[in-house]
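Please read the following note beside the sequence and the three-dimensional structure. The points are arranged by residue.

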Amino acid sequence: MNAITEINLAIGAMGFINDHCHRDIGKVGNLIFDMLFVMFKEPGNFCSRITICVPGDKAVDGSDIRSVVDMSDGLSGPPQVPICKACEMVVDFAYKQLQNNMTRGAVIKFFSQLCAMAGLAGESKVDSARLPLMPTISFTIGGKEFELSPNEYITKIGEGASTQCVRTFIPMDNPPEGGPLWILGDAFMRRYHTIFDHGNLRIGFAESA
């Protein structure tokens, strides 16, 4: 977990993606489970539909399994029945797991956690009523601290009852050779006047007037 994600969690940022994902995950998750439950109810039919089993194969025991090389007709090929049996065993196991409500709940909970991760990767909103309770965030650059208050790192969109408060920190998952990166952006430069000295490869900050 990077620093920006930790900050977003600390201030209670809830991604717009996260919000919609949590709202629908239970409904969609249960629908998918119900569809799979019907599909896996008859393992033999399912394995035939995906062409792993050939209609008429006997996936019961190995007594009439065709050998890899059938000398009677000179043809060679993979033994079909063992593959079919394996498919049916896997599907039957999956069907039994789908019958277990604990399994369903665990999977839906897992995807809910993924919702949280996805939401924090995009634009996120916070509860406007919590602004007075949010912490001041301090950046240490060149041995000096630069602070931002909640009113500076939270942006308000709209007016009245429709007002939404959006945090300005967005995590960037760059690979190690190019990251981790932190773009300070408008929230920081509104508070601190920033000078880019390209000739001397340095940056200067000062309190904005």
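1. Leu201 is located in the loop between E9 and strand E10 (202-207). Helices (H or I, at least four residues) and strands (E, at least two) are DSSP runs, numbered from the N terminus. The phi of Leu201 is near 50°, a positive value in a residue other than glycine. Leu201 is exposed because its relative accessible area is 78%; exposed means over 50%, buried under 20%, and partly exposed in between (1.4 Å probe, protein chains only).

2. The model is predicted: local features need pLDDT of at least 70, side-chain atom pairs count only at pLDDT 80 or more, and totals for chains, interfaces and linings use all residues. Residues are numbered from 1 along each chain as its sequence is written, and side-chain values use heavy atoms, with hydrogens and water left out.

3. Thr51 also deserves attention. Its phi is positive, about 65°, although Thr51 is not a glycine. Thr51 belongs to the loop between helix H3 (43-49) and strand E2 (69-70). Its relative accessibility is 66%, so Thr51 counts as exposed.

4. Which residues does Thr194 contact, leaving aside its neighbours within four places in sequence? They are Met189, Ile203, Gly204 and Phe205, where contact means heavy atoms within 4.5 Å.

5. A polar atom of the Thr194 side chain lies 3.2 Å from the backbone oxygen of Tyr192.

How values were computed
Polar contact = N/O pair within 3.5 Å; in protein donor to acceptor, adjacent residues only side chain to side chain.
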